[in-house]
Amino acid sequence: MNLWQVCFTQRCYLAELNKTSLNVSSTTLRFNGLHTTTCRYFNNKNNSVNTLNNLFLKVTNTPLVSLLFILSASCSLIACNDTKPEQNNTAPTTDKALHSNHAPSQTGYSFDSTEFDSFEELYLNTEPTHSIWPRVRAGFQLPDDIEHKQLSDEIKWLAKHPQYIDRVMQRADPFLHYILNEAEKRNLPTELVLLPIVESAYQPFAYSHGRAAGLWQFIPSTGRHFGLKQNWWYDGRRDIYASTQAALNYLENLNKRFKGDWMLALAAYNSGSGTVNRAIKRNKKLNRPTDFWSLKLPKETQAYVPKLLALKEIISHPEDYNVSLRCIPDAPGFKQVKTTAQIDLALAAELAELDLETLYNYNPAFNRWATDPDGPHSLILPTKSAEAFDKNYASLSAEDHLRWTRHKIKSGETLSHIAERYKTSTKHLKKVNNLQSNNIREGKYLLIPVASKNGSSYALSSSQRLKSLQNTKRGSKSTRVNHIVQNGESFWEISRKYNVDMHKLAKWNGMAIRDPLKKGQKLVVWTKGKQSTAKTHNPNNTVKSIHYTVRNGDSLSRIASKYHVDVKDLHRWNKIKGKYIQPGQRLKLYIDVTEQSGAQG
C-alpha cells in the first residue's frame, strides 16, 4: 500500500512506502488565484489507492497521478507533518478550502485551463526533493525495544516540548545531509546524526562548562588528538567538515574498543573510555551485568544515552507523540568553495551575496574577522550563495582579499600591542613583514592586514561574541566590575573575593572553570554591591590613576591600545561624548602598572 506523506519546503516532498496505511499530508495550494485545499493529514488503514482515486475523481477530472504531482509540487509546509489528526467535531480543513474562490459543483470541481498551464509551468517543471527522514530511519541500528524509566522520562519530555525539537531541527537543517552522508559511508548507525542535538542542540558556537566546543563538543586535548587545529584565527572543533570527521573517527574507535557495543561507546564519548572501563571492571568483580543500563556511571552519562534513544523514538514514530518533524530536504544543505589565500569575511559575505551573520553560522570555526592565513582556504555556503561566490570571486585579484595599512612604529610600542590594536596576531605580523623576532624599531613601518569594516560588524567573531556576553546584565540590581587577573589567581579565588558563584563567573566571561587564566586578562564580574570608582578591583593595588596629555596625532583608540584599556572606559572616566579629542587635553586613566611595558604618559 502506498504511503504518501507530502510536504514541501523549498519544493521538498516525501513519498514513502508503508504496507499498512495510506497517509496524505496537507497544505494550502495557491497558484494564479486558485486556492484549493488546506489538506489535513488523514490516516485510515481501511483506505486503499482505489478509494483515494475515487475521492479525488469526485472533486476533479484530473487523474490521480496528476493530482499527486500537484500536491507534491505545491506543499509549502515548514514541517513534514507525521502527526495523526486531532479528533474533533469541526469540518475537515479540506472541505473549508474548497469554498474559497471556486465552489465545487455537484458534478465536480474543474480547473481553469490557463490557471493549470501557469501552475504547471511554475511547479511541475521543477524537480522535487525527497525528505531526509526516511533515509535517517532506514539506518537506525541502536536497540529500540528498551523499556527503562529514564528513557521513558526523556521521551515524555521531548513530546511535551515540540518547540524544542523544531528549534534544533531548524539549526540542524543545513548540516544534517552532510553528516548523514558521512555516517552512511562508514556504515555507522544513523542515530549518530542526532548526537549533536544531545551534545550542543546543533548550536555551532556552543561552549560547555567542560571546555568543549562545537556541534560535537570536543575538548581541546581530544580535538588535537583527532587532528583538529586550534589557534588564534581558527578552531577546528567548530569546523563542520573537520569536526564531523573527527567525531566519527572517535566514535568508530570507541565502538571497536567496546567490542561493537554502541551503548557503551556512546557513554564513553560522553564521560571518557576510562570511566566506562572502570564501571565495567567494578561490575565484573561483583558478578553483575556489564551492559550500559547496569553500570554505575556519572549522572550526566546516565541521562546522555537515553536522550539519544528518546530522539530516535520520536523520529521513528512522530505520530505516536503528536510531533511534527521539520521537512529537511534530502539534498546538500551547503557547498564548499575554495579561496587561494586569507580573505576578509565581510568581503566573502559580499561576494556570496549573503549577510555576514549567516556566513559565520556556516563557518563557525573562524574566530576573527578573516579566515586563517595558514588555511583552511575554503568556506562553506548555502548552495545558491556558493554559486554567486564562485562567480564573483573569479574576478577578485590576489591583493584584494584583504585591506592593508602601513603603521609607523612609535616609541614604547611592541609587536603584541600593535597586533592587538589591529585585531591580528603577532605571528601573522611577523610573517607578512618578514620579521625574524619580536624586536621592532621606532620610526620603521609595518604592513598590516586590517578588517574592511568596524569590529562590531563582525558580530559573531570571537571577540564580539565575548563582548556581547560580558555586556549582558545579570539581574536588575547587579553592578558590573571589571577585574584584571593577577599572577596565580583562579576562578575560585576571584569568585570568593566578589562573593559570586564560580561557575557563573566563568559563564559571564565565556569560559569554563578549567580554562587557564592569564595575568592581565580582563574579566567581568556582576556583583550586588556598588561599582568601584576605579576601572578594576585589584588586590595587589597595581591599578593606578594617571593623567595623560593628548598629543598631536593621538586618538582615543590609540591611547586605549597604548595603555591596555577600553575606549568605552576612556569615555566614561572623562565624560567624553564624541570620538574627538584635542592636543593639550588632559585625560584621566586607570591603568594596571604591571602591563604597561614602557608606555609613557
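A nonpolar core is a set of buried Ala, Val, Leu, Ile, Met, Phe, Trp, Tyr and Cys residues joined through side-chain atoms within 4.5 Å. Keep that in mind while reading this predicted model. The largest such core holds 68 residues. Trp133, Trp216, Leu251, Tyr269 and Val276 touch the most other members. In soluble globular proteins, nonpolar side chains tend to be buried together.

Start from Tyr269. Beyond its neighbours within four places in sequence, Tyr269 is in contact with Leu195, Glu199, Trp216, Phe218, Ala247, Tyr250, Leu251, Leu254 and Tyr304. A second, separate core has 30 residues, including Ala352, Ala365, Leu381 and Leu396.

Now step back to the whole chain. It has 601 residues, and 47% of them count as buried. The chain contains 24 helices and 17 strands. Among contacts with a separation of 6 or more, 69% join residues 24 or more positions apart.

Next, the helix pairs. Two packed helices are described by the angle between their axes and the distance between the axes. Take H12 (residues 262-271) and H14 (residues 299-316). Their axes come within 9 Å and cross at roughly 125°. The two helices are therefore oblique to each other. H12 passes H14 in a right-handed crossing. From H12, the contact uses Met263, Leu266, Ala267, Tyr269, Asn270 and Ser271. H14 supplies Glu300, Thr301, Tyr304, Val305, Leu308 and Leu309. By class, eight of these residues are nonpolar, three polar and one charged.

H6 (residues 149-160) and H7 (residues 162-172) make another pair. Their axes are 5 Å apart, at an angle of about 80°. Angles of 65 to 115 degrees count as roughly perpendicular, so H6 and H7 are roughly perpendicular to each other. Trp157, Leu158, Ala159 and Lys160 in H6 meet Pro162, Gln163, Tyr164 and Ile165 in H7. That contact has six nonpolar residues, one polar and one charged.

Finally, look at the backbone. Most residues other than glycine have a negative phi, and most peptide bonds are trans. Ala201 has a positive phi of about 55°. Gln217 also has a positive phi, near 55°. Ala201 sits in the loop between helix H9 (195-200) and helix H10 (220-225), and Gln217 lies in the loop between H9 and H10. Buried means under 20% relative accessible area. Ala201, at 11%, therefore counts as buried, and so does Gln217 at 13%. The peptide bond from Gly375 to Pro376 is cis, with omega near 15°. Pro376 is in the loop between helix H16 (356-362) and strand E10 (378-381).

Conventions: Residues are numbered from 1 along each chain as its sequence is written. This is a predicted model: local features need pLDDT of at least 70, side-chain atom pairs count only at pLDDT 80 or more; totals for chains, interfaces and linings use all residues. Side-chain values use heavy atoms; hydrogens and water are left out. Buried means under 20% relative accessible area, exposed over 50%, partly exposed in between (1.4 Å probe, protein chains only). Contact means heavy atoms within 4.5 Å. Axes are lines fitted to C-alpha atoms, for helices over the stretch in contact, and angles run from 0 to 180 degrees between N-to-C directions. Helices (H or I, at least four residues) and strands (E, at least two) are DSSP runs, numbered from the N terminus. Angles under 35 degrees count as roughly parallel, over 145 as roughly antiparallel, 65 to 115 as roughly perpendicular and the rest as oblique. A crossing is left-handed if the near helix is turned anticlockwise from the far one by less than a right angle, and right-handed if clockwise. Ala, Val, Leu, Ile, Met, Phe, Trp, Tyr, Cys and Pro count as nonpolar, Asp, Glu, Lys and Arg as charged, and the others, Gly among them, as polar.
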